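Subject: Structure for your review

Dear colleague,

Please find the structure below, together with its sequence. My notes on it follow, and I would be grateful if you read them with the model open.

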Amino acid sequence: MIKSKITILNLILIGLIIGSCNDFLPLEPMESELLDGPMEGLNHAQTAQFISGDVAFNDELFHSGNGLGPLFVATSCVSCHAGDGKGLPSTSLTRFGQVDSTGNKFLHLGGPQLQNRALPGYTPETIPEGATYSVFTPPAVTGLGFLQYVTDADILALADPDDLDGDGISGVPNWDYLRDFVIPSPDAITKDRKYIHRFGKKASVYDLLEQTVDAYNQDMGITSLFDPIDTYSGLAVDPEISKQTIRDVVFYLETLKAPIPRNQEDPQVQNGKNIFSQIQCASCHLPEMKTGYAPIEALSYKTFHPYTDLLLHDMGTELDDGYTEGGALTSEWRTAPLWGLGLSPDSQGGKYYLMHDGRARSIEEAILLHGGEAENSKNQYVGLGQSEKDDLIKFLESL
Amino acid sequence: MKKVIFLFLLLLTVTVHAQIDASLLQGTKKDSTLKGLNMDAVYDRPFLNLGKSPVSVGGYMEANWQYIGTEGITEGHEFQMRRMTLFISSSIGKKLKFMSEIEFEEGGNEIVIEFASLDVEFHPLINLRGGIIMNPIGAFNQNHDGPKWEFTDRPISATQMLPATWSTAGFGLFGKTYKKDWMLGYEFYLTGGFDNTIIDNDQNKTYLPASKANSARFEESASGTALTSAKIAVRNTNFGEIGLSFMGGIYNTFEDDGEEVDEKRRLNVFAVDYNHTLPKWKTFITGEWAWINVDIPNYYTQHYGNKQHGGFLDIVQPIISKKMLGWENASLNLGCRLEYVDWNVGTFKETGYNIGDHLWSVMPAISFRPTQQTVFRLNYRIQQQSDVHDNPAEKTGGFSLGLSTYF
């Protein structure tokens, strides 16, 4: 009798565990603490494609057996963009060989991107003698779909190349030619057969398709029908990834949610937001933008808060590496979106590596590296009291 | 080919049972929880003798239910038939023994000969072993039978850092000697080795188990050189058994068609293992720790580490050992497994900060053994794993409930 009771009790115990096992699992972090995840408003088919892109981006790891290299920078998307966030100096890439808008003079020597790693037995590239170069840490990839569908007209409206308003801030788009596989958006504006580019540290990439194709090819040595040129041989080879996978990754990047701000009710954060505008940070790090028409309904005609204007600005001599892309000057950098800034340490090993090459180890250090068109804002920041500085930093960390 | 082997073995089993009187199947009364030396594990298995035939057969199976999640994301209920393994052994003649172990995983999708060797006894201290050998690195690789363990999962360090079950074709010597409370054993083998995949794989990390996918290792060594495996173990009745083992050699293909295609790159693995049953409380303690050094090109990605280490410690405490639910020698046990693995020991060149890619896990367990050859076990895993950048660790947890039995 007792044995039967023990048996029944054990079975009930096991049943309870099975029935309530979800309660024993580690909790999911708050949505606002994560950069990854789909935006709201996707339908089932779009969600399925998002997941396919997610798998390709975060789970597909390349090796010689599936096309890696032989020259490469990284072995997967996720190895540089952990959690869809910013990367570190250890995952940075180097570009070399272009000093002005006349183009890259070192393409025949492996430019513009240095493939500094190689499969065993191969010799990686080195920077050719005489080539200037710049090191780029990987950017966060969230919210890119919103940036993609800002209209050219809106970007142009923000430009002030001759500083007509006299605020010391100009801002110009990066005009450049399209790659042959890139299809311009219907509302694209052209100038001398050049188009407004918007992605990348120098705004030298037209859209997320170009970014994705380039990353596979230049970062991982993975050829596709879009770009079949092998970075090692310089010759066209069979595609190592399907067009569909590329499309899925593009869709994934388009539909990753925008970073969710945190602690917005905190008075310190609110004060910091006011200071941000007062010292003219918001002149370039524009708090609000809107999309035009997008083929993905959830992205169409939306207002969002990226803290960028997608324009190039002269950042002064300290950030001038003597290298550039497209029509940008060597001292010009695209305004970095600040959304998600406070979550950077979650993908940067618990630390900050800011600015284009990760040289700034804190938000304050990043502010102090601003020069050129941002010199005035930096000086205003320096003149703030400590509590105001703290509030401003707290606001930036809340993004 | 796998299907053919599977059908052949199935047919053999059916035929054997059809042809002989079941009463002729004589079970050897092995208690899988009793210990000789760890190296005896392949002999310390329950077999059924087929009448007066020199052939013995046996095996074990493992099946689980698990519900595991990582930070709110779960695969849901998973019902798994992890593996079924068949042993076939034969006393071919005086001092000649053949033993084999064939494992079926993923419902028969993966069929592996894990062990198939001929042992020739010249002297207790000098025995020749040749065939497919389980390299004696650490303890778990040779002593991995599911029913011997109180945990549904194999140790992470043994399977995701070391490549258990790792077997290769080769030859070597082994032997044992006894004196009063002391027992000494050794093993030394030269076998085929690893290959380039340990630093060029879909795990994006130095990963010795990647070479298990290369079945060509049973025909040729990728490097054209031998992998050396050696182990020495000492057991004292009062203090338990400690083993020291080494496995090393050139792992990469540095020559192809007689032409040099790469530098020679070496792999070295050192391991220490220990097991003991405390006489008073019958507490069973077992564990192993291993260090791996791999020569990796300095121009390669830092995701692939040139140093790894990790191990596990199991503590199992029988709390009730008596007749239960009609089983004469049943036991109820509490246990806990502690695990740690660092797949990439070192610092980043650019920043000097520690490279992550490490994991720790604690797994409390309760197990019930109706006989010593069968175990029902309930585990809960608490695990944290950091990525290579040492970002905030991902938390994993969940239950697994499983059974494993020799048959």
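Which residues touch the most other members of the largest nonpolar core? The model is a predicted one, and in it that core holds 85 residues. Those with the most contacts to other members are Met220(A), Val249(A), Val250(A), Tyr252(A), Leu253(A) and Leu396(A). To take one of them, Val250(A) touches Leu208(A), Leu209(A) and Thr212(A), when residues up to four places away in sequence are not counted. There is also a second, separate core of 31 residues, and Ala158(B), Ile199(B), Ile292(B) and Val294(B) are among its members. As general background, nonpolar side chains tend to be buried together in soluble globular proteins.

Chain A as a whole

The secondary structure of chain A consists of 10 helices and 12 strands. Its radius of gyration is 23 Å, close to the 21 Å that the globule rule gives for 399 residues, so chain A is as compact as a globular protein of that length. Along the principal axes, the C-alpha atoms of chain A fill a box of roughly 90 × 60 × 40 Å. Of the 399 residues in chain A, 48% are buried. Where contacts in chain A link residues at least 6 apart in sequence, 66% of them join residues at least 24 apart.

Helix α10 of chain A

Helix α10 of chain A covers residues 386–398. Which residues of α10(A) are buried? They are Asp391(A), Leu392(A), Lys394(A), Phe395(A) and Leu396(A).

A sheet in chain A

Three strands of chain A make an open sheet in the order β6-β8-β7, with antiparallel pairing. At its edges are β6 (174–176) and β7 (190–191), each of which pairs on one side only. Strand β6(A) is joined by three bridges to β8 (residues 194–197) of chain A. One residue pair to look for here is Trp175(A) with its bridge partner in β8(A), Ile196(A).

Strands in chain B

In chain B, strand β15 (residues 266–277) is joined by 10 bridges to β12 (residues 240–250), and the two run antiparallel. Ser245(B) stands opposite Ala271(B) in β15(B). A further 11 bridges join β15(B) to β16 (residues 284–294) of chain B, again in an antiparallel arrangement. Thr277(B) has Phe284(B) of β16(B) as its bridge partner. The hairpin of β15(B) and β16(B) has six residues between the strands, and Lys282(B) takes a positive phi near 60 degrees there.

Where the chains meet

How many residues does each chain bring to the contact? Chain A brings 33 residues and chain B brings 38. On the side of chain A that touches chain B, the elements giving two or more residues are α1 (2–19) and β4 (117–118). The largest share, four residues, comes from α1(A). By type, the residues on this side of chain A divide into 17 nonpolar, 12 polar and four charged.

Yours sincerely

How values were computed: Residues are numbered from 1 along each chain as its sequence is written. Chains are lettered from A and ligands numbered from 1 in the order in which they are written. This is a predicted model: local features need pLDDT of at least 70, side-chain atom pairs count only at pLDDT 80 or more; totals for chains, interfaces and linings use all residues. Two residues are in contact if their C-beta atoms, placed from the backbone, lie within 7 Å. Ala, Val, Leu, Ile, Met, Phe, Trp, Tyr, Cys and Pro count as nonpolar, Asp, Glu, Lys and Arg as charged, and the others, Gly among them, as polar. Two strands pair if DSSP finds at least two bridges between them. A nonpolar core is a set of buried Ala, Val, Leu, Ile, Met, Phe, Trp, Tyr and Cys residues joined through C-beta atoms within 7 Å. A residue is buried if 20 or more other C-beta atoms lie within 10 Å of its own, exposed if 12 or fewer, and partly exposed in between; C-beta atoms are placed from the backbone. The radius of gyration is taken over C-alpha atoms; the globule rule is 2.2 Å times the number of residues to the power 0.38. The expected span of a helix is 1.5 Å times one less than its number of residues.
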